[in-house]
Amino acid sequence: TNFSPSITRAGIMGIIMITSKIIYRKNDIFTSISISLLVILIYNPYLLQNLGLCLSYGGVCGIIICNKVILKFLKSIKIKNKFYKYKIRPKFQNYIDKIKEILSVTISVQLFILPIIFYNMNIFNPYFLVSNLILSAVIGPIVILSFIFIIITLINMHIAIFFSKPVGFSIQILEFISRIGLLPFSKFYIPTPSLFSIIIYYFFIIVLLSIFQVYSAKNPNKTQIRIKNLIAMGKIKLRKNIKIVKVFLIFLFIFIFLIKLYPKNLKIYFIDVGQGDSTLIVTPQNKTILVDGGGSVNSDFDVGKSTLVPYILDRGFVKIDTIIISHFDNDHVGGLLTALQELKVSNVIIGKQFENSENYKEFLKIVKDKKINVNIVNSKCKINVEKNLYLDVLWPNDFESITENSINNNALVFKLYYKNFSMLFTGDIEKEAEDILVSKYKETDALKSTVLKVGHHGSKSSSTEQFLKLVSPKIALIGVGKNNRYGHPNMEVMERFQSLRS
């Protein structure tokens with residue numbers, strides 16, 4: 001197991017428990033869990049950020065704090081129905097109690113590690129109770145059988161071969177149980193919770209457990225809790241406190257109304273996707289626009305899965321209203337192909353394509369399978385997003401195209417307008433496309449922008465002097481990877497930007 005933190009934790013706690021038996025001392029669970037954590041962190045303090053360690057200790061804490069209360073609650077619940085008219089055999093009742101015990105441990109663990117999973121993985125699997133229940137029932141016999149098999153292999157290989165078939169079958173059972181997580185609707189993305197919401201969650205859980213403990217202490221003779229009695233009790237409490245409920249609801253509505261009235265600003269996030277471009281725009285009305293998504297041709301690293309999607313979830317979004325693809329080079333669309341598959345996307349905006357690339361074919365397949373609406377725009381299009389916010393498409397158009405470096409030079413160029421602010425997105429256009437834009441818009445302010453997303457990562461083939469003078473940006477953003485092999489951004493280009501200051 002390579003001494004993973006979770007295994008080390010279990011090993012140290014097991015040694016402490018066995019030692020306590022030998023020296024006739026009571027094993028205190030809080031002491032043993034604290035000692036195990038101290039030993040692990042002395043060995044490597046950075047393991048405090050290890051997800052396996054957090055899940056392992058979170059699960060143990062969940063069992064310690066919640067299991068007794070949840071087990072008592074599960075054993076007390078009786079759902080009245082016709083089957084309870086008949087006597088249940090003691091053996092069958094023992095099976096039911098055993099299932100409740102396994103279920104109690106599973107719920108206790110999941111209650112405590114749920115915020116950790118959401119914070120680190122942003123995924124919720126609704127089948128976890130079923131899979132854990134089945135796994136808990138079969139894992140014990142499988143582990144025992146596996147240990148017997150290991151011992152036999154040290155004694156006699158001929159007998160071990162006989163045992164290998166049931167061991168292999170038990171591994172197939174585990175693999176089958178793991179496939180439950182592949183059923184439809186098994187993965188729901190959850191926005192990354194804030195530290196405050198995590199604290200509130202644990203506070204709420206502890207309060208509920210405390211209330212149940214107090215209720216049990218005051219009503220020791222009540223061995224059953226009927227669901228319909230709990231509902232009736234809730235209705236009575238509601239009637240008794242109707243004035244408090246009304247006041248609470250009034251304040252809640254006022255609070256929501258004030259939040260709606262509170263002015264919100266346009267937010268633009270320039271995402272670090274290495275040697276590539278990606279920009280997330282969040283409008284004042286909380287609409288999301290994702291422009292490009294990074295990617296790399298010569299790397300096995302999935303920018304979409306490892307960087308782009310987690311970034312969006314960390315910002316609190318599981319849905320993208322609009323994705324804008326400037327062009328289909330991999331360093332702009334690679335991450336978006338993953339985002340289109342993993343997140344809910346309402347619309348995609350692209351320019352007219354003059355070259356049928358592999359990425360474009362893959363894109364068409366994804367949007368067809370996911371039934372995503374695709375809008376093909378040209379230089380005459382104006383896209384209204386919301387009040388005071390719209391996009392003007394400047395390039396390309398349907399009647400002319402650039403044959404030289406076609407994918408880059410026919411990239412979508414558009415300008416975002418919001419009140420007195422504007423931002424120009426230029427994809428990977430080069431000198432040829434910039435010259436056309438200069439000739440078309442030199443007598444207007446169509447190119448003049450507050451912020452410029454610099455074309456082609458600051459390459460020497462882009463950002464001509466005439467073009468930069470027309471744009472005249474206050475801020476220029478260049479998306480590059482550190483120590484990239486292309487030498488971006490080019491020093492001559494940087495000097496042109498420096499000259500704009502004078």
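Buried here means under 20% relative accessible area, and exposed means over 50%. Keep those cut-offs at hand for this tour of a predicted model.

**Stop 1: Leu280.** Select leucine 280, in strand 4. It has 0% relative accessibility, so it counts as buried. Now show what surrounds leucine 280. Leaving aside neighbours within four places in sequence, its contacts include Lys267, Ile268, Tyr269 and Ile271. Thr288, Ile289 and Leu290 are also among them, as are Tyr311, Arg315 and Ile320. Then draw a C-alpha to C-alpha distance from leucine 280 to valine 291: 6.3 Å, for residues 11 apart in sequence.

**Stop 2: the whole chain.** Zoom out. The protein chain carries 16 helices and 14 strands. Its radius of gyration is 31 Å, well over the 23 Å that the globule rule gives for 502 residues, so the chain is more spread out than a compact globule. Along the principal axes, the C-alpha trace spans about 90 × 75 × 45 Å. Of the 502 residues, 38% count as buried. The chain exposes about 31,300 Å², and carbon and sulfur atoms supply 63% of that area. Colour by charge next. There are 60 positive and 33 negative side chains, and the centres of the two sets lie 25 Å apart.

**Stop 3: the largest nonpolar core.** This core has 31 residues. Pick out Leu290, Ile320, Ile323, Ile325, Leu340, Val348 and Phe363, which have the most contacts inside it. Which elements each supply at least two residues of this core? Select strand 4 (279-282), helix 10 (303-314), strand 6 (319-325), helix 11 (330-342), strand 7 (344-351) and helix 12 (358-370). Centre on valine 348. Beyond four places in sequence, valine 348 touches Ile323, Ile325, Leu340 and Phe363, along with Ile372, Asn373, Val374 and Asn375.

**Stop 4: the second core and helix 14.** A separate core of 21 residues includes Ile402, Ala433, Tyr441 and Phe497. Select helix 14 (residues 431-441). Its buried residues are Ala433, Glu434, Ile436, Leu437, Val438 and Tyr441. What covers these buried residues? The cover includes strand 10 (389-395), helix 13 (406-409), strand 11 (413-418) and helix 15 (465-471).

**Stop 5: into helix 13.** Follow the loop between strand 10 and helix 13, where proline 396 sits. The peptide bond from tryptophan 395 to proline 396 is cis, with omega near 5°. Asparagine 405 is in the loop between strand 10 and helix 13 too. Asparagine 405 has a positive phi of about 50°, although it is not a glycine. Its relative accessible area is 36%, so asparagine 405 is partly exposed. Step on to serine 406, in helix 13. Serine 406 is buried, at 12% relative accessible area. Not counting residues up to four places away in sequence, serine 406 touches Phe354 and Glu355.

**Stop 6: another cis bond.** Go to proline 489, in the loop between strand 14 (475-477) and helix 16 (491-501). A cis peptide bond joins histidine 488 and proline 489, with omega about -5°. Most peptide bonds are trans.

**Stop 7: helices 1 and 2.** Select tyrosine 24, in the loop between helix 1 (5-22) and helix 2. Tyrosine 24 has a positive phi of about 55° and is not a glycine. Is tyrosine 24 buried or exposed? At 75% relative accessibility, tyrosine 24 counts as exposed. Finish at isoleucine 42, in helix 2 (residues 29-43). Isoleucine 42 is exposed, with a relative accessible area of 65%.

Technical notes: Residues are numbered from 1 along each chain as its sequence is written. This is a predicted model: local features need pLDDT of at least 70, side-chain atom pairs count only at pLDDT 80 or more; totals for chains, interfaces and linings use all residues. Side-chain values use heavy atoms; hydrogens and water are left out. Helices (H or I, at least four residues) and strands (E, at least two) are DSSP runs, numbered from the N terminus. The radius of gyration is taken over C-alpha atoms; the globule rule is 2.2 Å times the number of residues to the power 0.38. Buried means under 20% relative accessible area, exposed over 50%, partly exposed in between (1.4 Å probe, protein chains only). Accessible areas come from the Shrake-Rupley method with a 1.4 Å probe; for residues, only the protein chains shown count as cover. Lys and Arg count as positive and Asp and Glu as negative; His and the chain ends are not counted. The place of a charge is taken as NZ of Lys, CZ of Arg, CG of Asp or CD of Glu. Contact means heavy atoms within 4.5 Å. A nonpolar core is a set of buried Ala, Val, Leu, Ile, Met, Phe, Trp, Tyr and Cys residues joined through side-chain atoms within 4.5 Å.
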